[in-house]
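Subject: Structure handover

Hi,

Here is the structure I promised to pass on. Have a look at it first, and then read on for what turned up.

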Amino acid sequence: MSIAIDIDRLMGRLEALGQIGALPGGGVKRLALSPEDREGRALVIGWMRALGLEITRDVIGNCWAVRSGSGDGKPVVIGSHIDTVATGGLYDGSLGVLAGLEVIEALNAAGAETERPVAVAFFTNEEGARFAPDMMGSGVAQGALALDEMLAVEGIDGVTVAEALAATGAAGAAPVGALAPHCYLELHIEQGPVLETEGCEIGVVTGVQGISWREFRITGASAHAGTTPMALRRDAGAVAARIAVEAQEIAARNGPPQVATVGRMRFAPDLVNVVPEEAVMTVDLRHTDEAVLQAAEERLWSAAQDFAARAGCEVSRRTLARFAPVAFDPALVDAVEAAAVAGGFSHRRMPSGAGHDAQMFAPNCPSAMIFVPSQDGISHNIREYTAPEEIAKGAQLLMDVACAQAGLRI
């Protein structure tokens with residue numbers, strides 16, 4: 001027997017949460033551990049409390065709420081995040097959390113019992129937009145990131161994670177590792193165009209590709225833009241431009257699924273008529289194969305050193321985030337696909353191009369994700385949108401898989 005989710009209730013919560021940090025045009029800015037994040041956390045925790053759930057917060061600010069089962073085994077955890085990028089939409093992350101809340105409320109409304117507990121969770125700083133690296137809260141919780149190192153991370157505004165936790169009151173008393181799931185499930189918008197292009201209702205996610213974030217710093221010398229001959233310049237900006245082009249050429253040579261992005265580039269002194277003495281840039285490389293990703297990293301670094309040497313400049317690099325590719329549990333992925341078939345949903349297997357909290361849980365417990373389409377493939381954008389009827393299909397599939405994993409008893 002399948003318990004039906006209430007899509008109107010789910011959409012109402014999505015819209016209510018989207019009002020916190022709302023931007024003109026329909027988007028939202030709710031950076032991790034900001035005042036807006038604090039307000040969003042309070043709203044979601046209030047909903048958890050209203051459902052009579054046992055709520056726990058850990059030392060990095062992760063929060064989860066548990067609906068008891070008839071047994072005392074580990075919970076089936078449904079989770080994601082509620083922080084956003086600076087120009088985010090309503091669905092990225094929040095959908096996974098609020099769909100988990102809807103699963104629990106629908107179970108309550110049906111008077112259903114599960115053998116295992118069912119939990120809904122949200123994790124601190126998944127986006128990495130204010131503090132790097134991303135997936136910070138889930139990474140600490142699952143032992144992939146060191147708590148002390150993450151607390152000392154300084155954000156783009158000069159505030160450390162520890163300071164922001166204190167300012168928002170987000171940290172709890174539970175230690176690292178307190179959340180130990182039987183399995184982990186996450187519903188998410190695709191954030192890309194594949195499902196919509198192919199007319200598929202559901203993405204059965206097989207894993208998450210590897211992610212490499214590096215910052216390159218190039219040092220040259222300032223000079224007058226009009227009087228300094230090209231051959232006598234030590235132009236840090238020109239070196240940065242060559243590195244950016246090389247990243248694109250690496251992606252083109254490797255082909256799909258390799259991607260490369262130069263997301264930030266800053267020159268100093270940043271004047272129209274002065275040769276830059278410094279350039280700082282980021283490069284985001286991603287691939288599903290660890291060996292290919294490592295080779296791309298080393299090719300880019302070798303090229304950067306060569307470009308700098310030829311220009312009379314110096315170059316250094318530092319790692320902002322580095323996660324190896326992750327494969328989700330085959331049996332749980334099969335269970336998601338079987339439930340999609342049983343529900344009559346068109347679907348395809350696919351890797352995730354974006355990082356998600358699920359990848360942090362995958363080494364420690366069976367984990368899987370469900371994707372629903374993103375209109376025009378847009379995400380991290382105020383125009384991010386997924387239609388309610390598409391959300392309803394994903395949330396219902398989440399309900400069915402969660403019930404099967406938790407041992408539903410009517």
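Predicted model: local features only at pLDDT ≥ 70, side-chain atom pairs only at ≥ 80, totals over all residues.

On the side of domain 1 that touches domain 2, the residues divide into eight nonpolar, three polar and two charged.

Where do the domains run? Domain 1 comes in two pieces, 7-208 and 325-409, while domain 2 covers 210-323. Their centres, taken over C-alpha atoms, are 34 Å apart. At the interface, 13 residues of domain 1 are in contact with eleven residues of domain 2. About 890 Å² is buried between the two domains, and carbon and sulfur atoms give 68% of that area. As for salt bridges between domain 1 and domain 2, the count is zero.

Salt bridges do turn up elsewhere, though: the count comes to 21. Here are a few to click on.

One of them pairs E115 with R409, with the closest N and O atoms 3.9 Å apart. E115 sits in the loop between strand 4 (113-114) and strand 5 (118-122) and R409 in strand 18 (residues 408-409), so this pair ties together parts that are 294 residues apart in sequence. E115 is partly exposed at 43% relative accessibility, and R409 is partly exposed too, at 41%.

Another salt bridge joins the side chains of E297 and R322, at 2.7 Å from N to O. Since E297 belongs to helix 9 (residues 290-310) and R322 to strand 14 (residues 314-323), the pair ties together parts 25 residues apart in sequence. Is E297 buried or exposed? It counts as buried, with 7% relative accessibility, whereas R322 is partly exposed at 25%.

Then there is D334 with R349, whose side chains meet in a salt bridge at 2.4 Å, N to O. This one links helix 10 (residues 330-343), where D334 lies, to strand 16 (residues 347-352), where R349 lies; the two residues are 15 apart. D334 is partly exposed at 40% relative accessibility, and R349 is partly exposed at 36%.

Now for the backbone. Most residues other than glycine have a negative phi, and most peptide bonds are trans. That makes a handful of spots worth a visit.

With a relative accessible area of 2%, N125 is buried. M135 is also found in that loop, with a positive phi near 50°. At 0% relative accessibility, M135 counts as buried.

A cis peptide bond also joins A268 and P269, with omega about 10°. For that one, look in the loop between strand 11 (265-268) and strand 12 (274-275), where P269 lies.

Cheers

Note on methods: Residues numbered from 1 in each chain as written. Heavy atoms only, no water. Salt bridge = Lys/Arg side-chain N within 4 Å of Asp/Glu carboxyl O. Helix = DSSP H or I, 4+ residues; strand = E, 2+ residues; numbered from the N terminus. Buried < 20%, exposed > 50% of the residue type's maximum accessible area, 1.4 Å probe, protein only. Domains from an automatic or database assignment. Contact = heavy atoms within 4.5 Å. Buried area = accessible area lost by both parts, 1.4 Å probe. Nonpolar A, V, L, I, M, F, W, Y, C, P; charged D, E, K, R; others polar.
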